[in-house]
Amino acid sequence: MIEKMKFLSITGPKADIDRMTETYLSKYEIHLENALSELTEVANLSPFLEINPYKEALSAISGFYEQLSEPGKTAPKPMDTEAAVSAIRRIQQESARLQEEHDRLAAEHAGMVDSLKIIRPFRNLDYDISEILHFRYIHYRFGRIEKQYLQKFEKYIYDNLDTIFIKCGDDDQYVYGVYFVPKQQAHKVHAVYSSMHFEQIFVPDTYEGTAAEAFAQLDRRHQEIHDGLKANKEAAQKFLEDNREDIVSAKAALEAYSSCFDIRKLAACTQGENNTFYILCGWMTEKDAAAFQEDIKNDERIFCLMEDQQPPARQKAPTKLKNPKLFKPFEMYVKMYGLPAYNEMDPTWFVAITYSLIFGAMFGDVGQGLLLFLGGLFLYKKKHLDLAGIISCAGIFSIFFGFMYGSLFGFEDILHAIWLKPMTAMMDVPLVGTLNAVFVIAIGFGMFIILVCMVFNIINSIRNHDVEKAWFDSNAVAGLVFYGSIVVTIGLFVSGRKLPAAAVLVVMFLVPLALMFLKEPLTNLVKKKAHVFPEQKGMFFVQSFFELFEVLLSYLSNTLSFLRIGAFAVSHAAMMEVVMMLAGAANGGSPNWIVIILGNLFVCAMEGLIVGIQVLRLEYYEIFSRFYAGSGREFRPFMKYHTQKKTS
């Protein structure tokens, strides 16, 4: 069902808006509208402009909150704004100190990595690096040369040059080393090494001792820095965890204060004789609105005007669904299609009944239904998944129809069929012959559902004062009479009873068709419009003819669409018969229980998914399309919704 709404206009001194929000409004769910947009008939309104003072602090504490592990498990404690801001400043200061230490260590770590990268290939050089770097009469160069060029260099050139090349290390492609050359020969020798693709590596004047000693010293410092960064990270996380309660509480407090403050975005201001007043307007449920009025009745600084859905409200009332726990999971399917408008019928209860009933008829098995019921119930209790609740409800009807069909995990001979066996139940239909009973029953059930949907459409149309959809449309009174006449005629024919007189049939069929054909001019006539028929009458008759032809086709296709109920009831029994054949249990033999278990799980999962989708298709295309628009807008309590938007 849809909860009744009241439109409230709340006003008071501008400086009192925070007290009013925190003291009264925060206790109730209110869907606020933009006061400037709604109250267009009120003169001299201006926006309520102020900068949110909590925005910066809330952003800061939210950053710390996100670093906590599972912060939602910590319950916030009451905290005022001063305590919240003080806690944030303390946390920011300590975090800044830890971050500064981290940045210093990280910068040193980066430099250490570069130094290790330079010295690592030369760590086998058994000579003091600092002395080499201070040679005055001998030139040197650290670097690397490809192995193939080094071999050519040593074979053809090395012995003819005044140079010494000391190998320090190698990898798959390069040999790393340092060469020395007298100062007088440096220019010539450098050119020769360059021609052999020697790549110089610049070694800074920061190393002490031999290369091995310098590398070991750097490696020790590198490990110390690494340990320092790890300890810094642990200290930062420990600090946050030690202040977990303050972080969670400060965030909750500031979110509440910020949400209260942000109400100003939707408020308007008006100038009184001696003071400026705020105006807030929005929707509350009838129950909350009455409680709010009672709550503020002795507060002289607040005035509230409560009205039904009528001016000054410019928008239709939002929709808030309220259904019993058993039906509540099915709200998911309704919302997927679209929320009902405020003055529209809530189809949740109808979806819950028809979806579960049709699912059970298409998937009738006591054992598999029990699995769906227990599995869905477990997930619904554990994870609060709406889909799991729907599966659980559908499982109950699967169990029921399993007893009707006499089917238990595919075994058809353990239980006695209370009603019929889908694969073997047959019936004689005049002029047609022998048909499977479940197909005939499925068609009859579909006709009944379509008639019910037409009644719902008439109710919705009367509520909306829509003359055409209430009286002359294919789903209106005219359509109900026409399709109902078809249903009655077919029912009498199949049962072998006498049909009504030809004159009665003519009235039952032709009059509703004529009303549907002339629905537009008849609507104009009822509404007392000046022009009953459109100006282009020829085009009107052609268009109306094809529309009427399409309506007749839709009656046929929508009715035949319900054959899928019988088809899946038969296919389910057939699939389980195949499983029994594969398990060797078809002729009373000793069954292979592994095949039976795996087969049941496969059928339960695959066909359960397919049946669920097919039933949803019936709901949306054959049922909803006849009476339900789903054009409503969601009821969004400002405090709750605004806080969710900030944290998402």
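**Close-up views of a predicted model**

Figure 1. F546 is found in helix α20, which covers residues 537–561. The model is predicted. F546 counts as exposed because its relative accessibility is 52%, and the cut-off for exposed is over 50%. In sequence, F546 and F517 are 29 residues apart. In space, the C-alpha atoms of F546 and F517 are 9.6 Å apart.

**Figure 2. The contact of helices α21 and α22.** Helix α21 spans residues 563–582 and helix α22 spans residues 593–627. Their axes come within 10 Å and cross at roughly 170°. That angle makes α21 roughly antiparallel to α22, because angles over 145 degrees count as roughly antiparallel. By class, 15 nonpolar residues take part in the contact of α21 with α22, along with five polar and three charged residues.

**Figure 3. Helix α14 and the residue just after it.** Helix α14 has 20 residues, 386–405. From its first C-alpha to its last, α14 reaches 28 Å, close to the 28 Å expected at 1.5 Å a residue. Just after α14, G406 takes a positive phi of about 70°.

**Figure 4. F409 in the loop between α14 and β11.** The loop that holds F409 runs between α14 and β11, the strand at residues 426–429. Phi of F409 is near 50°, a positive value in a residue other than glycine. With a relative accessible area of 30%, F409 is partly exposed.

**Figure 5. H197 in the loop between α7 and β7.** H197 lies between helix α7 (186–195) and strand β7 (199–200). H197 is not a glycine, yet its phi is positive, at about 65°. The relative accessible area of H197 is 42%, so this residue is partly exposed.

**Figure 6. The whole chain, for orientation.** The chain has 23 helices and twelve strands. Its radius of gyration is 41 Å, well over the 26 Å that the globule rule gives for 648 residues, so the chain is more spread out than a compact globule. Along the principal axes, the C-alpha atoms fill a box of roughly 130 × 95 × 60 Å. Of the 648 residues in the chain, 45% are buried. Among contacts between residues at least 6 apart in sequence, 76% join residues at least 24 apart.

Definitions and conventions:
Residues numbered from 1 in each chain as written. Predicted model: local features only at pLDDT ≥ 70, side-chain atom pairs only at ≥ 80, totals over all residues. Heavy atoms only, no water. Axes fitted to C-alpha atoms, helices over the stretch in contact; angles between N-to-C directions. Helix = DSSP H or I, 4+ residues; strand = E, 2+ residues; numbered from the N terminus. Parallel < 35°, antiparallel > 145°, perpendicular 65-115°, else oblique. Nonpolar A, V, L, I, M, F, W, Y, C, P; charged D, E, K, R; others polar. Buried < 20%, exposed > 50% of the residue type's maximum accessible area, 1.4 Å probe, protein only. Expected span 1.5 Å × (residues − 1). Rg over C-alpha atoms; globule rule 2.2 N^0.38 Å. Contact = heavy atoms within 4.5 Å.
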